[in-house]
Amino acid sequence: VKQEKKKKDKSDRATVENVLDPRTLNFLVKLIRKGVLSHINGCLSTGKEANVYHGVNTESEKEYAVKIYKTSILVFKDRERYVDGEYRFRNSRNQSNPRKMIKIWAEKEFRNLKRLHSHGIPVPEPIDLRSHVLVMEFLTRGDGEASPKLRDYEFANEDEIETIYQTMLIYMRRMFQKCRLVHADLSEYNSLMHEGQLYIIDVSQSVEPEHPMSLDFLRMDIKNINDFFGRQRGAAVFSERVIFSFITEHLQDVNDEDEDAMRKYIKQMPRKGDSTAVDEDDEVFRSVHLVRSLNHLEERDFGHMSEGKLGTFKSLVDDADGIIYGELKEETEDDSEEDDFDESDEENTSPR
Ligand code: ADP
Ligand code: MG
């Protein structure tokens with residue numbers, strides 16, 4: 001216990017040092033002067049990249065979540081890949097300066113929240129941004145406590161699990177098609193259940209479909225969502241490849257605005273275990289490399305995907321949307337364009 005206390009003291013100190021430094025306090029004072037906030041209460045969450053605080057405006061009696069990014073250098077090394085290659089932020093690249101980086105992350109989150117909000121994806125409404133201090137709507141159960149993460153939400157029954165699962169897939173599609181964003185860190189931890197509705201949060205790392213890694217990120221999001229609803233909550237999940245197509249492709253005869261039609265469409269999609277063909281397809285899908293467009297790729301991206309081995313690109317499908325869905329292979333004598341999957345290449349095509 002004593003040791004735990006000691007540890008806590010240390011992390012408290014770290015919080016004060018890293019987050020509520022004089023600069024940060026200065027931005028908070030500005031928000032208070034401007035009348036956005038009256039004061040900051042407790043801390044809702046301490047994360048690797050940011051801390052989230054509870055803020056209030058005593059005049060309007062509104063509550064806010066105040067996300068304050070931290071300058072922890074280790075994190076930024078890992079996060080570079082999300083900004084790299086994204087044209088919206090290309091010119092604002094200054095990755096050696098942690099202060100500038102946290103400002104960029106906060107800006108990204110603010111813009112992405114706005115974009116999602118304006119397209120009807122339930123997210124906390126973005127309120128204000130001062131450098132690396134972001135103010136947004138506080139999603140609360142009403143008693144001052146934050147609404148639960150999907151992970152902590154108690155589903156009423158199997159039907160509700162299935163409904164929320166479908167809702168998640170519809171949001172992922174709308175995000176991709178309408179908002180032009182892939183979440184890139186979607187999970188039961190970055191979604192909340194608020195007033196019986198699913199909300200998406202934590203979108204600073206979200207990327208546009210043009211980002212060279214966007215489809216890899218999307219596949220990872222799909223896997224996380226399937227793992228949660230399937231393995232952890234017992235739903236019969238859809239094949240990952242089928243979900244991927246559902247999100248990225250144009251759907252004939254289905255109107256995105258018609259939710260009932262969307263749900264009807266989703267319900268008839270193949271589920272995992274429906275047939276060995278479906279499962280084998282999924283197995284291949286997990287092992288191939290997904291590339292949006294060769295134009296946007298840099299050598300480093302190939303290196304990243306094939307773990308150092310630069311392969312030649314072999315397109316399997318090049319659909320109408322211009323998405324290339326293919327696999328990376330080591331150069332071989334055989335340069336035929338057959339869309340077969342060669343097991344001997346498994347080592348080079350296995351996911352990260
Ligand atoms: P991190 O980058 O640290 O993961 P998140 O944006 O995911 O930051 O926020 C961390 C946690 O804080 C969330 O899991 C959630 O519990 C809480 N939280 C964040 N934003 C809000 C909000 N707008 N309303 C209520 N709780 C929130
Ligand atoms: Mg999070």
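Predicted model: local features only at pLDDT ≥ 70, side-chain atom pairs only at ≥ 80, totals over all residues.
Residues are numbered from 1 along each chain as its sequence is written, and chains are lettered from A and ligands numbered from 1 in the order in which they are written.

**View 1. The shell around ligand 1.** Here 20 residues surround ligand 1, each with its C-beta atom, placed from the backbone, within 6 Å of it. Ser45, Gly47, Ala65, Pro124 and Asp202 are the closest. Domain 1 (2–137) and domain 2 (150–349) both contribute to the shell, so ligand 1 sits between them; the domain bounds come from an automatic or database domain assignment. At least two shell residues come from each of strand 1 (39–46), strand 2 (50–57), strand 3 (62–69) and strand 5 (133–137). Helices (H or I, at least four residues) and strands (E, at least two) are DSSP runs, numbered from the N terminus. Sorted by class, the shell has eleven nonpolar, four polar and five charged residues. Nonpolar covers Ala, Val, Leu, Ile, Met, Phe, Trp, Tyr, Cys and Pro, charged covers Asp, Glu, Lys and Arg, and polar covers the others, Gly among them.

**View 2. Helix 6 against helix 8.** Helix 6 (residues 158–177) packs on helix 8 at about 45°, and their axes are 8 Å apart. Axes are lines fitted to C-alpha atoms, for helices over the stretch in contact, with angles running from 0 to 180 degrees between N-to-C directions. That angle makes helix 6 oblique to helix 8 (under 35 degrees is roughly parallel, over 145 roughly antiparallel, 65 to 115 roughly perpendicular, and the rest oblique). Leu169, Met172, Arg173 and Phe176 of helix 6 touch Ile243, Phe246, Ile247 and Thr248 of helix 8; contact means C-beta atoms, placed from the backbone, within 7 Å. This contact has six nonpolar, one polar and one charged residues.

**View 3. Helix 7 against helix 8.** The axes of helix 7 (residues 214–232) and helix 8 (residues 240–248) come within 10 Å and cross at roughly 125°, so this pair is oblique. On the helix 7 side are Leu218, Arg219, Ile222, Lys223 and Asn226, which meet Glu240, Ile243, Phe244 and Ile247 in helix 8. By class, that gives five nonpolar, one polar and three charged residues.

**View 4. Helix 8 against helix 10.** Helix 10 (residues 276–287) packs on helix 8 at about 65°, with the axes 8 Å apart, so the two are roughly perpendicular. Glu240, Arg241 and Phe244 in helix 8 meet Asp281, Asp282, Phe285 and Arg286 in helix 10. The contact counts two nonpolar, no polar and five charged residues.

Note on methods. Contact = placed C-beta atoms within 7 Å.
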